[in-house]
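Trainee: I have a structure to read and would like to go through it feature by feature. Please give the general idea each time, then the case at hand.

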Amino acid sequence: MFPEEGWAMVVGRRERVRQATLAEIRAAARRLLIEQGPAAVTINGVAREMGMSGPALYHYFAGHEELVAAVTVDFFRELTEAMEAARGAQPPGDHGRRLLAACRAMRRWAVTHRAEFGWVFASPMAGERRPDSPRELAGQDFERVFMEEIAELWRTRPFPAPGEGELDPSIREQLRAYATATGLTLPVEVIHVFLSCWIRLYGLLCMEVLGQLDFAYSDLEPVFEECLREMAPRLGLDYDAATGRDT
């Protein structure tokens, strides 16, 4: 065996051990989050959970913010994979059913992973937002699940959107900036329709997961479904057809 080949094997083994330790640290942070809440997820708290010292953990994460970002990426990816799997189980060309399936998968993941959902979506990210950071890229992958289906819906069967000049100039300017930042090529009026639907759907889900509607509802799944039913016509969808139900 050549010396460089032996060195490559040593380096590869060390990297595998390092990656396994990183995954174990993130899993420990998740346990603390679920069992004790966000305040427990500190460098020292995770280190104790791992059976190591706080300074030793800094060999793997530069600080609390980097640890938070890494755990957040895991949650984003898990949620995105669940939504993509639900969407992928529907016929490729049936964008209505694919979109609704992704929405339902999002809710299922959120209500069965309340601590994780709250961690990702209810808390603002500390520090400066970098478009190329792993956290931002993972968030964009999550958004893309929806936007891909909305874009295909618009291209194959354009849905009603405000006419030119109907949107407030401030809204138009903000949506142009959003489209530029995300690479969207849809008209700003179409983006406005989608975001209007998304704000209501996401707002309802946040209120459910964070317990803000417990005073009135013990089961919000029918309310979420009602929201989908009301959203469908705005996107040019027949709710029953998109759901696969008999009308």
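**Reading the helices**

Mentor: Just after α9, Gly-211 takes a positive phi of about 75°. This is a predicted model, in which local features need pLDDT of at least 70 and side-chain atom pairs count only at pLDDT 80 or more, while totals for chains, interfaces and linings use all residues. Residues are numbered from 1 along each chain as its sequence is written, and side-chain values use heavy atoms, with hydrogens and water left out.

Trainee: How many helices and strands are there in the chain?

Mentor: Helices (H or I, at least four residues) and strands (E, at least two) are DSSP runs, numbered from the N terminus. Here the chain has eleven helices and zero strands. The order of elements from the N terminus is α-α-α-α-α-α-α-α-α-α-α.

Trainee: Where does α7 bend?

Mentor: The bend at a residue is the angle between axes fitted to the seven residues ending there and the seven starting there. In α7 the bend is about 35°, at Arg-144.

Trainee: Which residues of α7 are buried?

Mentor: Buried means under 20% relative accessible area, exposed over 50%, and partly exposed in between (1.4 Å probe, protein chains only). In α7 the buried residues include Arg-135, Glu-136, Ala-138, Gly-139, Val-145 and Leu-153. Over the chain, 42% of the 247 residues are buried.

Trainee: What pairs do the aromatic rings form?

Mentor: Rings of Phe, Tyr and Trp (its six-membered ring) pair if their centres lie within 6.5 Å; planes under 30 degrees apart count as stacked, over 60 as edge-to-face and the rest as tilted. The structure holds six such pairs. In one of them, the ring centres of Phe-142 and Phe-146 are 5.9 Å apart and the planes stand at 85°, so this pair is edge-to-face. Both residues belong to helix α7 and are four residues apart, about one turn of the helix. Phe-142 is buried, because its relative accessible area is 5%; Phe-146 is also buried, at 3%. Ring pairs join Phe-76, Phe-142, Phe-146, Trp-198 and Tyr-202 into a cluster.

Trainee: Which residue lies over the face of Phe-224?

Mentor: A charge sits over a ring if NZ of Lys or CZ of Arg is within 6 Å of the ring centre and within 35 degrees of the ring normal. Arg-107 lies over the face of Phe-224, at 5.9 Å from the ring centre.

Trainee: How do I read places where separate stretches of the chain meet?

Mentor: Look at separation in sequence and separation in space together. Arg-77, in helix α4 (residues 64-88), is 62 residues from Gly-139 in sequence, with 8.4 Å between their C-alpha atoms. Arg-77 is partly exposed, at 48% relative accessible area. Gly-118, in helix α6 (residues 114-122), is 92 residues from Leu-210 in sequence and 7.2 Å from Leu-210 in space, C-alpha to C-alpha. Gly-118 counts as buried, at 12% relative accessibility. Ala-110 is in helix α5 and is buried at 0%; the C-alpha atoms of Ala-110 and Leu-79 are 8.2 Å apart, with the two residues 31 apart along the chain.

Trainee: Which residues does the UniProt annotation "DNA-binding region" cover?

Mentor: UniProt positions are given in the numbering used here, feature names are shortened, and annotations may be inferred rather than shown by experiment. The annotation comes from an unreviewed entry and covers residues 42-61. Over that stretch the chain is 60% helix and 0% strand, and its end C-alpha atoms are 12 Å apart.

Trainee: Where in the chain is confidence lowest, and where highest?

Mentor: pLDDT is the predictor's confidence in each residue, from 0 to 100. Where pLDDT is low, the predicted coordinates should not be read in detail. Confidence is lowest in helix α11 (residues 239-243), at a mean of 75, and highest in helix α5 (residues 95-112), at 95. The chain has a mean pLDDT of 88, with 89% of its residues at 70 or more.
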